[in-house]
Amino acid sequence: MRKIAFVVVLFALFTSCSETERQEFEYSGGTVNMALENEMSTNIPRNVLDYYSAKVLNQITEGLVGFNTETLKIEPRLAKSWTKSDDGLKYTFTLRNDVYFHPHELFSGLEDRKMTTEDVVKSFEMACTKKEDGTAPNSYSSIFKSLLKGADEFYEGKAKNISGLTISGQNVTMELVHEDQNFLNKMTHVTVNIVSKKIIEAGVESEDIIGTGPFIYTDYKSGEQPSLILTKNVDYYDVDEEGNALPYLDSLVFVFQSRKLEQLDMFEEGQLDIIVELPTSRITRMLEGRIEDFNSKPPVLVLSNNPLLISHFYFFNMEDERFKNPLVRKAFNYAIDKETIGRDIIRGQYNDLGEYGIVPPISKVLRGYDFKGIKSVGYSYDPELAKKLLAEAGYPNGEGFGSVELRYNISDTHSAVADEFAKQIFKVLGINVNIDGSSFEQLTADRANGNGDIFRSGWSADYPSPETFLINFYGKFVPESKNEPSPINESRYKNPLFDEFYEQAQNSVKLSDQMRMFSKAETELMKDPPIIPLWYAGDIAITQSYVRNFHFNALNHFEFKRVYVKPWTAEEYKASHAEKN
């Protein structure tokens, strides 16, 4: 990625070509610092597959619609409005006419930076175009494939344009192959965020991140403590309810630190303003040792502990002959004492233990989903049954099975869980587990290419639907050749009955029917498990109290454009809580 000279960006901040003077919020300014465990794996939205790239790129780039971080309701973004046809097959988005891409040397001036329907069309065409390595971008595989009319023909090179994508004036119309209750949810995904046609055609989007979002990519600092600096987009179109320009902050800094203990030390030293997921070894000390900071009025620190649509699990490499036998996979599942992992390893930092499936059991978000039925085919600790199943599979006491390699990315939590997993599997099944830690980037590549036997994974929902989890096991995403990477269905799991239920859910017109069929799909998945569910996240997060308007939600979706920095006074805090009561 090319660095954008900091002085140039600062100059742009003070010499914006905006035609109207911005009305600033009284408390505009300041910086918020937040840590992420890993750096971005890509600068291109359509290629995003990981949580960390999404978190950063969602501050810089935007889609036609987005989520409200408080309510998780879909709101306008680059499209100021939209309509849906009576048959549910056509969506027409009306674009704003005051959206500008961030400054770049390729643009001749403000008008040249203005977003148009051509930028939207080009972004969606690239979303349905093979990458340089011949593989599909995530935007095509997860969003548009077999859904947007003409997308498949365009992807396969049989058409010069996407027939279901048309423009008229400021309107962009998308015609679907079949009705999809989650289509608007999918359009909030980072992979369909809009990039400038000029930037794409110049071939610089992998180097320069140019979006329309509230923050501009400004600088990357490498070294012992890498960080990414984003600064205020002074030409951002959005305003608050009083007409004040957004974003409020002058800058947003992401610090990349994989070790949670280091993150906590930085937080306590005032170098970070937000910490998500405390290091397990310091939870008691932090929460009890600073109890006054949480309970004072106003507080110094603010604690949040919400259930998240995030699953932590291990999955099997289904190309391994041993794991093609479902008895073996069930034996591994029954051999794991999740209570011990939850109590002794992650120290209660979870919403629930992995006795369901891949979908986190948050019924208030996923209404109508049959969590009870899925739990009935889930797995709890039963060492005797585990031994019996392994013997039935032909490996009594692990004899003749050989060792297995567990691949995971090194961190305080993941390393400790991997070590405990290996101990439990050996104790119950007599099988040696060789644990092999690596960087997150290396693990991502190894999972896609099947370099290992069992892999650690975590999946964060892109939108509130079981589909965003179950897509990881859809058989039609498995490439024909074992030598090709499988970046979505990493386990290379194939189950025709699961696929049938999954497709029926996708094609359901009623949301209730969709939830019912997704429930049946997951039930079938857990009868023939390619995974070992471990726990569903309910991370403890702490913010400095002076960080205002920062909201946690079940999607772990962060938005900073309305965040501002202001210490509380006792009088203000008292008045604020009196109003709430």
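Is Asn-556 buried or exposed? Asn-556 is buried, with a relative accessible area of 3%. With that settled, here is a short tour of this predicted model, one close-up at a time.

**View 1. Two loop residues with a positive phi.** Asn-556 sits in the loop between strand 20 (547-548) and strand 21 (564-565). Its phi is near 55°, a positive value in a residue other than glycine. Leu-72 also has a positive phi, near 65°, and belongs to the loop between strand 2 (65-67) and strand 3 (74-76). Leu-72 counts as buried because its relative accessible area is 16%, where the cut-off is under 20%.

View 2. The bond from Leu-246 to Pro-247 is cis, with omega near 0°. You will find Pro-247 in the loop between strand 9 (227-232) and strand 10 (251-256). Another cis bond joins Lys-297 to Pro-298, with omega about 5°. Look for Pro-298 in the loop between helix 10 (291-295) and strand 12 (301-305).

**View 3. The largest nonpolar core.** This core has 78 residues, and Phe-332, Phe-421, Leu-429 and Leu-470 touch the most other members. Helix 15 (residues 412-429) supplies the largest share of the core, seven residues. Beyond its neighbours up to four places away in sequence, Leu-429 touches several residues, including Ala-331, Phe-332, Ala-335 and Leu-390. A separate core of 44 residues lies apart from this one, with Phe-25, Phe-93, Tyr-237 and Tyr-564 among its members. In soluble globular proteins, nonpolar side chains tend to be buried together.

**View 4. Helix 11 and its surroundings.** Helix 11 covers residues 326-334, and its buried residues are Val-328, Arg-329, Ala-331, Phe-332, Asn-333 and Tyr-334. These buried residues pack against strand 13 (310-316), helix 14 (383-392), helix 15, strand 17 (454-460) and strand 18 (531-536).

**View 5. Strand 13 and its two partners.** Seven of the seven residues of strand 13 are buried, so this strand is largely enclosed by the rest of the structure. Ile-310, His-312, Tyr-314 and Phe-316 point one way, while Ser-311, Phe-313 and Phe-315 point the other way. Tyr-314 takes part in both pairings, with Arg-456 as its bridge partner in strand 17 and Ile-532 in strand 18.

View 6. Thr-413 is part of helix 15 and counts as buried at 4% relative accessibility. Leaving aside neighbours within four places in sequence, Thr-413 is in contact with Glu-277, Thr-280, Ile-346 and Trp-535. Gly-452 lies in the loop between helix 16 (440-449) and strand 17, and is buried, with a relative accessible area of 11%. Apart from residues up to four places away in sequence, Gly-452 touches Asn-317, Glu-405 and Arg-407.

Conventions:
Residues numbered from 1 in each chain as written. Predicted model: local features only at pLDDT ≥ 70, side-chain atom pairs only at ≥ 80, totals over all residues. Heavy atoms only, no water. Core = buried A, V, L, I, M, F, W, Y, C linked by side-chain atoms within 4.5 Å. Buried < 20%, exposed > 50% of the residue type's maximum accessible area, 1.4 Å probe, protein only. Helix = DSSP H or I, 4+ residues; strand = E, 2+ residues; numbered from the N terminus. Contact = heavy atoms within 4.5 Å. Pairing = 2+ DSSP bridges.
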